[in-house]
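Hi,

Here is the structure I promised to pass on to you. Have a look at it first, and then read my notes below.

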Amino acid sequence: MVEQGSLKMINLDVDVTVIGAGPAGLAAAISARENGAGEVIVLDRNSWLGGILPQCIHDGFGVEEIGTSMTGPEYADMYIKNAEKLGVTFFYETMVLQLFKNHEIIAVNKKGLHKIKAKSIVLAMGCREKTRWDVLIPGERPSGIYTAGVAQGFINLYNIMVGKNVVILGSGDVGLIVARRLRFEGANVKGVIEILPYASGLPRNVVQCLDDYNIPLYLNHTVAYIKGRERLESITIAQVDEKMEIIYGTEKEIKCDTLLLSLGLIPENELSKQVGIEIDTITGGPVVDQFFETTVKGIFACGNCLQVYDTVDILSIGAKQVGKNAAKYAVGETHEKIGFVKVTAGKGIRYVLPQQINKSGKVHFYLRVEQPKKTAVLRVFSGDVELLKKKLPWANPANMIEFDFNVSEKVLKSNKPLEVTIDDQ
Amino acid sequence: MQNFHVAIVGAGVIGSSIAWELSKYKLDVIVFEKGSDVSSGTSKANSGVIHSGINSPPSSLKARFCMEGNKMLQSLADSFGFSLKWTGKLVIAKNEDEVKELNRLKKVGNYNKVPGLEIKDGKEIKIQEPNVTCYKALWVPTAGIISPYEFTIAFAENAAVNNVNFLLETEVKDIQKNENNFLIETNNGKYQSKLLINAAGLNCRDIVSMLQTPDFEIYPCRGEYIVLDKTYSYLVNSMIYPVPPKEFGVLGVHITPTVEGNILLGPSAEFVDDSDDKRTTKKMMKNLLRKGKEIIPILPDKAVINAYSGVRCKLASPDEGGWADYRIEESKQTPNLINLLGIESPGLTAAPAIAKEVVKMISNSIDLKKKTVFKILKANKQRFSEMSSKKRSGLIKQDKRWGRVVCRCEHVTEAEVINALKNPLKAQTLSSVKYRCRAGMGRCQGGFCTQHIVRIMEEDLKIDVKEIKLKSPKSNLFYGRTRKLEND
């Protein structure tokens, strides 16, 4: 019989709780410790730290951040060692079940249920991959269809081979890197299909992962049909027009046993929604201010659950800032909020972060444009008044744009939203 | 050769419910199922509706078994422990013209003795279903929802623990009849049985053909569905149906909440040549969303997390209107062959009543004696996601695998996955796990949990990765370990 006492939850009281031990969570936890937070704990549902990094065995990590190229596991290791040195506590195989406005967390692992109270919380849940049904790919429902990240995990973490004759839908970086990886393992990669007129991954990856291995890239194409009642037998690809509708008569069947989907990422915010944090419908992440504080006091957001970043390096740099802010909040150095303005995405801008500002001073902005531009001029307006005009060499939706801008007290008290726009000139 | 009293072909809801009814008696019963699990055909791919009886013509077998089955469902749910919700259903009319159809349905319902039918005003409906706009609607309180696979699995697993033999991945290849017995040849050995029950669903004609010339045709009619994320469960409280379309003997695209909190849109109705053609099409997926929006304008596009189709087993062609009654009968030409033909909607509701009828038919040729010991296996409904904190803590204390969540969308623990894999049918595909404990059913569609389930299958059940299947005998997931590939 179980004793009555053992049915109680394990109680913890800490300064900062970080949810997720991927690159963002690690960077935020380290930074929180470095900036004065006492006890910092990181909860992660996996049995390892680093999130997606351990399966990213290619190199290129760290180049932008510290000027050294590392593999994913090496990059993760650097952070993990640093975190351990700083006394960050990790909880493995721990799932957060509930998050409350008063910074209480209910989590579970093999030791039991935990009730964790924190002075501040950092959300670093990352993102998940889009599936076949996010884009409604028609056809039969055989085995052999994987998202690219899941396939990469099976190959690199478990040494399991997902297929022999493979087609990849989507030319994002994960798709390109997995194409090359499968080639190394002896699979026949029959092509990468991209619905856009250009590859969505980095140009260097197109060269190093596809061109160097004679893997064809089908631009302006999509998957029109999936065939196979048990294991995948073939896919039918077809060309698309400007509206991304299939052009009939261009269908072509490719025999394959595996289809990998690299369709993009969706920020994971089930917990954020549960606690009542306002979500930006475009980024899919929480609405934040210049401190990356969400609309629930003392809960901060960073990494891919905030917005999907281009590279881990940029993500980590951002997450460190967030960890620092969460630490300051935890030790009581809360900033005085004066005024409140919304930041809006104007002409040519898909989204801009932070979505609101409540303190004057230098603000670091992130944005993405809607269309590729060969020449671009970025502007910031407060009402009709142009506050900033900045020429950019070019602009591309795949490349996040960052800039700093000093928000004055006057602007903040004007009650007029800050509008960011981008134009050809 | 092994000898049985009764052999059942097909472990859909009909075969499984008959197996369960028969497991109460001192009989040797065997079930052949060509899929890797029970409920792998039409029985899993439908709306999961407990029908009330308003749609079946009076005096038909469909009406009779639907009404009888409907009354049996609650006590079955209580004893087996599967989920059931009496959500009720609304058939909505957009204008005065369609109200005539509501009156007709109400009349049919009254004749079939369906209780509580009421035609309500659009304003009243707005209170009940704030997101639905209509002119008038027929309220049917005795309609409900179950999970069709959970229901079928409950019958089959209960039959199995009471010594019915289930042979999965076993396809009947040929049947001969001698003086007293059927000789059944499968890919998994030869068997002999006194009685043969043809519950092969869409393949029922193939089974009959092995013994005699069939006097009927099967007209497969595909229905596509899309599944919406649980986030949108607030959109409806009950099932919302349009007035039935005039053709094909179907009920039209409707909105059905599921017992798990998802919403289904569907099914379409399209006659197909091949009964295994379970594709989903872009055209129909878009059409389903459009029709859903006609009923609930605020239905979002981004809500879709899955799509599937099921195939109805129809005995009437589209030219004949698509409607025919069930045929539940012993063959005149081949005595002791009991055929269950054309069991389409409301087959799920009717199944337990049909099973009782079949037992009655069997009692004509076999003297049935009740078993003295009869087990009830409560469906493994110990779900971490639905437990109190105290219950959770207690279970983790007993077995720490209750504390390891492996499916992040549905909060399914390692212990639940292991329980699912240790089912009495020995069904061990990824889908078998999914249908028993919901791991992989959420919005990420297995993105996170597949690796864990594979690990558990390897570690706890010692299954080689090459043997791990998605859902059917040849639906392997992997080609082995990376370093061994060239030796394949």
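**What I found**

H2(B) and H8(B) are roughly perpendicular to each other, because angles of 65 to 115 degrees are counted that way. Please keep in mind that this is a predicted model, in which local features need pLDDT of at least 70, side-chain atom pairs count only at pLDDT 80 or more, and totals for chains, interfaces and linings use all residues. Residues are numbered from 1 along each chain as its sequence is written, while chains are lettered from A and ligands numbered from 1 in the order in which they are written.

Back to the two helices: the axes of helix H2 (residues 61-80) and helix H8 (residues 347-362) of chain B come within 7 Å and cross at roughly 90°. Axes here are lines fitted to C-alpha atoms, for helices over the stretch in contact, with angles running from 0 to 180 degrees between N-to-C directions. Helices (H or I, at least four residues) and strands (E, at least two) are DSSP runs, numbered from the N terminus. Among the residues of H2(B) that meet H8(B) are B:Phe65, B:Met72 and B:Leu76, and the H8(B) side includes B:Pro352 and B:Ile354; contact is defined as C-beta atoms, placed from the backbone, within 7 Å. By class, this contact has nine nonpolar, three polar and one charged residues (Ala, Val, Leu, Ile, Met, Phe, Trp, Tyr, Cys and Pro count as nonpolar, Asp, Glu, Lys and Arg as charged, and the others, Gly among them, as polar).

Now the contact between the chains. Chain B brings 46 residues and chain A 42 residues. On the side of chain B that touches chain A, H9(B) gives the most, with eight residues. By class, that side has 14 nonpolar, 18 polar and 14 charged residues.

Chain B also has an open sheet of three strands in the order S3-S8-S4, with antiparallel pairing (two strands pair if DSSP finds at least two bridges between them). Its edge strands are S3 (49-50) and S4 (84-85), each pairing on one side only. Two bridges join S3(B) to strand S8 (residues 144-146), and B:Val49 has B:Ile145 as its bridge partner in S8(B).

Finally, the largest nonpolar core has 158 residues, and A:Val122 and A:Cys302 are among those that touch the most other members. Such a core is a set of buried Ala, Val, Leu, Ile, Met, Phe, Trp, Tyr and Cys residues joined through C-beta atoms within 7 Å; buried means that 20 or more other C-beta atoms lie within 10 Å of the residue's own, with C-beta atoms placed from the backbone. Helix H8 (residues 312-330) of chain A gives the most to this core, with eight residues.

Best wishes

Note on methods. A residue is buried if 20 or more other C-beta atoms lie within 10 Å of its own, exposed if 12 or fewer, and partly exposed in between; C-beta atoms are placed from the backbone. Two residues are in contact if their C-beta atoms, placed from the backbone, lie within 7 Å. Angles under 35 degrees count as roughly parallel, over 145 as roughly antiparallel, 65 to 115 as roughly perpendicular and the rest as oblique.
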